[in-house]
Amino acid sequence: MTVIKSHRKSFVVLVALLVSLAGLGWYYLSSSSVTEEVEATEPGGNLPYNTLIASTHEYYNKTLCNHMDENINWPLQQTHALELVNEINSVAVKNEKIKKDFQNARDLAEQVSAKKDKTALLYLHRIFHDLDKAVNHYKQKDEFGYTYTGTGKRLFGGGVNKVEHYLAENKR
């Protein structure tokens with residue numbers, strides 16, 4: 001009987017170890033940087049897209065973080081959203097994943113500029129956070145999974161599906 005308990009305990013430890021290793025493997029696959037696939041700047045646009053990503057993310061950090069999203073300055077956000085649409089339209093991007101991410105960002109920015117859409121605004125911030133992390137190596141542990149460039153389309157659909165569903169449901 002003692003031998004059976006000992007083997008059962010060893011089996012449980014082995015299973016726990018295998019599950020832990022599988023979890024680490026999944027984490028590595030889902031959070032690996034795609035920067036190797038992405039050229040940070042491409043000629044042809046008025047603004048390098050890595051600069052657009054960093055400055056937009058910084059803007060949203062300053063205007064939405066630390067509970068500032070509880071008292072949004074809508075005229076400022078709507079003006080910024082209009083400018084963002086124009087900037088995205090002027091950026092030359094070859095990478096297909098970033099093109100899709102910018103299309104989603106442009107559609108969300110159009111929603112913000114047309115109406116006071118807090119969800120669209122928060123999704124925009126999450127997209128630029130994830131893009132900044134993937135393209136510019138922004139130093140932050142968390143990732144929302146709201147971009148094709150990051151981990152958004154991996155297991156369980158990710159945040160990209162949430163964004164695209166929201167956009168489909170809220171067309172102007």
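**Entry 1: the chain as a whole**

What share of the contacts in the chain with a separation of 6 or more comes from residues 24 or more positions apart? I get 61%. Before going further I note that this is a predicted model.

I counted 6 helices and 0 strands. Going along the sequence, the pattern reads α-α-α-α-α-α. The chain has 172 residues, and 39% of them are buried.

I looked up confidence next. Mean pLDDT for the chain is 79, and 69% of the residues reach 70 or more. Helix α3 has the highest confidence, with a mean of 96. Helix α1 (residues 2-31) has the lowest, with a mean of 54. Over residues 24-43 pLDDT stays under 50.

**Entry 2: the core**

Then I went to the largest nonpolar core, which holds 32 residues. Which of its members touch the most other members? My list is Tyr49, Tyr60, Leu84, Phe102, Leu108, Leu124 and Phe128. The elements giving two or more residues to this core are α2 (49-64), α3 (74-90), α4 (96-114), α5 (118-136) and α6 (158-169). Helix α5 gives the largest share, 8 residues. As a general reminder to myself, nonpolar side chains tend to be buried together in soluble globular proteins.

Setting aside neighbours within four places in sequence, I find Leu84 in contact with Leu52, Thr56, Tyr60, Ala109, Leu124 and Phe128.

**Entry 3: helix α2**

I checked the length of α2. At 1.5 Å a residue, its 16 residues should span 22 Å, and the end C-alpha atoms are 22 Å apart, so the two agree.

Which residues of α2 are buried? I noted Tyr49, Asn50, Leu52, Ile53, Thr56, His57, Tyr59, Tyr60, Thr63 and Leu64. What covers them includes α3, α4 and α5.

His80 sits in helix α3. Is His80 buried or exposed? With a relative accessible area of 12%, His80 falls under the 20% cut-off, so I log His80 as buried. Its contacts, leaving aside neighbours within four places in sequence, are Thr56, Tyr59 and Tyr60.

I moved on to the loop between α2 and α3, where I find Asn66 and His67. Asn66 has a positive phi of about 55° although it is not a glycine. His67 also has a positive phi, about 70°, and is not a glycine. How accessible is Asn66? I read 72% relative accessibility, so Asn66 counts as exposed. For His67 the relative accessible area is 59%, so I wrote down exposed there too.

**Entry 4: Val91**

Val91 lies in another loop, the one between α3 and α4. At 11% relative accessibility, Val91 counts as buried. I also looked at Val91 against Tyr49: the two are 42 residues apart along the chain, and their C-alpha atoms are separated by 6.1 Å. Tyr49 is one of the buried residues of α2 and is on my core list as well.

**Entry 5: helix α6**

Last stop was α6. At 1.5 Å a residue, its 12 residues should span 16 Å; I get 17 Å between the end C-alpha atoms, which agrees.

The buried residues of α6 are Gly159, Val160, Val163, Tyr166 and Leu167. Why do I put them on the same side of α6? They cover an arc of only 130° around the axis, and that places them on one side of the helix. What do they pack against? I find α4 and α5 there. On the face turned away from the buried side I noted the exposed residues His165, Ala168 and Glu169.

Technical notes
Residues numbered from 1 in each chain as written. Predicted model: local features only at pLDDT ≥ 70, side-chain atom pairs only at ≥ 80, totals over all residues. Heavy atoms only, no water. Core = buried A, V, L, I, M, F, W, Y, C linked by side-chain atoms within 4.5 Å. Buried < 20%, exposed > 50% of the residue type's maximum accessible area, 1.4 Å probe, protein only. Helix = DSSP H or I, 4+ residues; strand = E, 2+ residues; numbered from the N terminus. Contact = heavy atoms within 4.5 Å. Expected span 1.5 Å × (residues − 1). pLDDT = per-residue confidence, 0-100. Arc of directions from axis to C-beta.
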